[in-house]
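Have the model open and follow along.

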Amino acid sequence: MSANRKSSNINNIESQSSQADLLDLYLENPVKADEVVFGRKAYPDRRGFLKGLGLAGMAAALGGYIPFHRNMPGGLIPAAMASGTPDLAIKGKDGLIILNDRPVNAETPPHLLDDEITPTTRHFIRNNGIPPVNVDPEKWVLTIDGLVNKPLTLKISDLKKHFDVVTRNLVLECGGNGRAFFEPKARGNQWTYGAVACSQWTGVKLADVLQAAGVKEEVVYTAHYSADSHLSGKPGKLPISRGVPLAKALGDENLIAFEMNGAPLHPMNGAPLRLVIPGWPGSCSQKWLTRIELLNQVHDGPKMTGKAYRVPNNPVAPGEKVDEKDFVIIEKMPVKSLITYPENNIQINTNELEIRGHAWAGDRLVNQVDISIDFGATWQQAGLGQPANKGAWQRFKTTVKFPKTGYYEIWVKATDDHGVSQPFAIDWNPKGYLNNSFHRIAVRVA
Ligand SMILES: Nc1nc2c(c(=O)[nH]1)N[C@H]1C(S)=C(S)[C@@H](COP(=O)(O)O)O[C@H]1N2
Ligand SMILES: [Mo]
């Protein structure tokens, strides 16, 4: 193929639509997308070259011809895409940083989490497998079974008809949020700060639905099942199936949700139906929910056993090997906070600056938030709001005064209602969970 023909190919592709097509294809069927873009059989060996339509599509998506396209390894996420260029945003998402394309995992930069209610466009995505496609909300069925008096099969319309519908702001945070800062490195998605959100969810209370089915005396744990498929493509193999102790499941804060911020759920956030179990690792909040089973023992589904979503039962030194039997399941998430204004690395010409953000503390309340501009030598207490409801985050706000020009770091530290504060150092664990060390941003005063 001549160079001319190549460039005319690119010109023929209307930039906007091919970006959307390519991204949609990656979201719906990454194997196929890689085949189209990188040539046949890009998976599992991830080799092959960008050519033909794939090259044209990628070039259009990136906004220009790629002179060294022959050097691009199969499956490479272009840096332009990985850095969250708005052009390449996932449909219905805005400004997320893509960490992985298969499965899709994307986090939100802290300054885009400034709203009290996180817009759907900015809610992070954490997928363990491949989301279902062509879901029909009218036909969706949720089964409640296991150790119940009366198994239930409920359509979404039944949920709306037979149960109280409630709306709540609820924090979802991935257990691995902050993993990127572990040293030695922990394997898995390298989340920095933005695998957390507080959207407004509408649905029915999990407790009401379980009570309606009649929880048998011997029940101690739930098991959650969904319609996404395993990366291997093996039929019937589940990417993830977790659960919670019955006492948590019966908490008034948990929802079976069919709306997010007043609209149907985003396809990547579990449409048409999901659990939202605030304060516990996000993995407890099964997306694309099809079934809840009640058990007389701790659930043993994928990502419940071994070291998944577990931490050592005693503190360990960074890098220390820990025996599998010494791990415990993560329950409530620890106290944490995030500066959402200003953005990291800003330069200002005044000596006063408003600082704001959110704080949250698993099943607890946040009692105090402190800010330091001198690397933790002194702290000033910030104003702190109440949560909109149980499970929502709390707004903090304060104004800091800089004594002179120069480089500063703003540090934030929250304390929960049991007097437990965020640590400065990371409590290292082998899988990189529960990093609630201080959030810091840089400010240059000119
Ligand atoms: N069915 C299903 N549910 C799931 C997951 C998944 O991969 N499949 N990921 C879990 C994890 S690990 C997290 S942190 C949250 C993330 O929710 P979000 O993608 O809507 O932000 O969903 C949880 N529910
Ligand atoms: Mo997660």
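## Ground rules

Buried means under 20% relative accessible area, exposed means over 50%, and partly exposed is in between (1.4 Å probe, protein chains only). This is a predicted model, where local features need pLDDT of at least 70 and side-chain atom pairs count only at pLDDT 80 or more, while totals for chains, interfaces and linings use all residues. Residues are numbered from 1 along each chain as its sequence is written, ligands are numbered from 1 in the order in which they are written, and side-chain values use heavy atoms, with hydrogens and water left out.

## A loop proline

Pro423 sits in the loop between strand S22 (406-416) and strand S23 (439-445); strands here are DSSP runs (E, at least two residues) numbered from the N terminus. Pro423 counts as partly exposed because its relative accessible area is 28%. Its C-alpha atom is 9.5 Å from that of Lys336, 87 residues away along the chain.

## Around ligand 1

Ligand 1 is surrounded by 20 residues (a heavy atom within 4 Å), and the closest are Phe124, Asn128, Asp228, Arg274 and Lys287. The shell splits into 7 nonpolar, 9 polar and 4 charged residues, with Asp, Glu, Lys and Arg counted as charged and Gly among the polar ones.

Now for the polar contacts (N or O atoms within 3.5 Å). A polar side-chain atom of Lys287 is 2.5 Å from a ligand 1 oxygen. Ligand 1 nitrogen atoms also feature: one is 2.9 Å from a side-chain N or O of Ser226, and one is 3.0 Å from a polar backbone atom of Ser285. The protein covers 100% of the 530 Å² of accessible area that ligand 1 has on its own (Shrake-Rupley, 1.4 Å probe).

Definitions and conventions. Polar contact = N/O pair within 3.5 Å; in protein donor to acceptor, adjacent residues only side chain to side chain. Helix = DSSP H or I, 4+ residues; strand = E, 2+ residues; numbered from the N terminus.
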